[in-house]
Amino acid sequence: MRKLLLVGAAAVTLVGLGAASASGQTPRNEAFRMLALFGDVLGIVEQAYVVPVDDKKLIEAALQGMMSALDPHSNYLPPAGFDELQERTSGAYSGVGLTIQAEGGLVKVISPMDGGPAARAGVNAGDVISSIDGQSAAGLTVSQVSEKLRGAVGTSVEVTFLRDGEEPREVTLTREVIKIESVTGRIEGDFAYLRVSTFNENTGRELDETITRLRAENPGIKGYVLDLRNNGGGLLDAAIAVSDAFLERGEIVSQRGRKADQIQRYGALPGDLTGGLPVVVLINYGSASASEIVAGALKDHQRATIVGLTSFGKGSVQTVIPLRGGADGALSITTARYYTPSGASIQKIGIEPDLEVSRSLAEARIVSRSNFIYSEAAYATALDSSIGAERKGPHTPQEAPGEDYDAEKDYQLERAFDVLRAGGSLAQLAAAPEGIIVTPPGTVLAATGADDAPEN
C-alpha cells in the first residue's frame, strides 16, 4: 500500500532505453556498469578494510547516500525506520518529540512536537543536533539520529543543540510515550482557538470533534483562529480534510508529477464546519508541507487571513513504497510538486502572510538576516519551484512587539484575535472604529515590503 506524505524523501529511477552516451554506452548499460562497480568496491572493502565490516550496514548507507543526493527529503528507511514512520503517522510513539531532517551532514529540527520533552526544554525549529550522549552527530543520517533519540520510556538522553548566535545548549531529555493529539481547542472570549500540531490519520476526525465541542460550549462563536505554527506536516489526506472543514467548494490542492499528464486535483466537499465564520490562520517558518497546503488553500479562496511569518516552503509530495512488504524497509520518494488553487508553487517560496508579524524582536532580527532562517530554500539540493519565483530575502517584518511587551504573552495570537475582532480581514482591521482593536503596546511597524533590516 502506498501512503502519500508531505514530510520525507525523494525518488530514484533507472532510465531504461535511450540514446547512447559519448562513450557509446546506453543509459541502461551505463547503469549496469556502475552497479558492477559498486559490487567491486564492496568486495574490496570487505577484503582490505582495516577491521571486519557489516555488509548490510554498508549497503544501507549506500542506499541512504543515493537517495539523499536527489533532494533534501530523499530517504531510504531501514525496517526500524519504516516502523517508526508508521507509528508516527498513526498517532503514538516513544521518544523525545522531534521532527528532524538532514542537511549537509547535519540533522536539524523541523519542529518540536507540542507538549513533548523537546518542546518543554525550549528546542526550536532550525536547531542543529550537535551531539547525542557525548558522541558527535555530524554525518549521521536521520534514521541513525532517530534510533539514538528513541528508547525505553523513562530513560534519558543528553542532546546538544546549536542555534545561530547562541552558545551550544546541552539538554537532558527524558523519553516518554508521545501520544500525538493532533488537534486541540479552546474558547477565547467570543472566538475559538484551534491548534493543529501535526497531520496524521486522526487529524480530520479530531478537528471535526473539536469544532463540534467548542460550538456546544459557546454557540455564539464569532470566528476561529487556526494555529499551524511549527507544524512540520504529515499526511496529504489530513491536509485535505482540514482544508475541507473550512470550505464549501473549490480546489484545495493539485499535485503534478514528472509528466505533463500526471496531474491530480483534490477538491472540497459541501459543508463548512464553521458556518462561514471569519478564520485567521497562524503560520511561521516552522510551518511546512501539509500546513502550507491548508494555508495556501484558505488564502487563495479568500476564506482566511494569514498572520505570522512566511512558511517553510516545502512544496513536494512523497510516496512511501515498502520494499518486499516492508521487510527490507521502504523508500520515501518525491513523486510530485503541489500547487495551491491559484496555481502557485510553494516549493522553496512558502506561503507569505497577509499580515506579517514576528513573535518577538529577536525573531524579527532573524527574519532580517535570512541566512539564519531555516527553510527549504536553504537546502543546496532542494527542488526548484518550477515557476521561476524565489523566496523573499532579508527584510523587516511589518510588525513586532515592543521591548516592553510581556514575553509570556503570544503577540502573533493577539494580532490574530485583533483581525477577528475587526471582522476578519485586514481592510476591516484598518478601518475598525476606535475601541474595537486591542493592539498590544509598543508595536514596531515597518512599511509593507520594506527590505531594510533592523540594527542588531
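Leu 226 touches Leu 194, Val 196, Val 242, Phe 246, Val 280, Val 281, Leu 282, Val 294 and Leu 298, leaving aside residues up to four places away in sequence; contact here means heavy atoms within 4.5 Å. This is a predicted model, where local features need pLDDT of at least 70, side-chain atom pairs count only at pLDDT 80 or more, and totals for chains, interfaces and linings use all residues. Residues are numbered from 1 along each chain as its sequence is written, and side-chain values use heavy atoms, with hydrogens and water left out.

Leu 226 also shows up, with Phe 199, Phe 246 and Val 281, among the residues with the most contacts inside the largest nonpolar core, which has 41 residues. Such a core is a set of buried Ala, Val, Leu, Ile, Met, Phe, Trp, Tyr and Cys residues joined through side-chain atoms within 4.5 Å; buried means under 20% relative accessible area (1.4 Å probe, protein chains only). H8 gives the most to this core, with six residues.

Now to helix H8 itself, residues 290-300: nine of its eleven residues are buried. Helices (H or I, at least four residues) and strands (E, at least two) are DSSP runs, numbered from the N terminus. Here are some of the elements covering H8's buried residues:

| Element | Residues |
|---|---|
| Strand S13 | 223-227 |
| Helix H7 | 236-244 |
| Strand S14 | 251-256 |
| Strand S19 | 330-339 |

Just after H8, Gln 302 takes a positive phi of about 55 degrees.

S13 also sits in an open, mixed sheet of six strands, ordered S11-S12-S13-S16-S17-S20; strands pair if DSSP finds at least two bridges between them. Its edges are S11 and S20.

Note on methods:
Buried means under 20% relative accessible area, exposed over 50%, partly exposed in between (1.4 Å probe, protein chains only).
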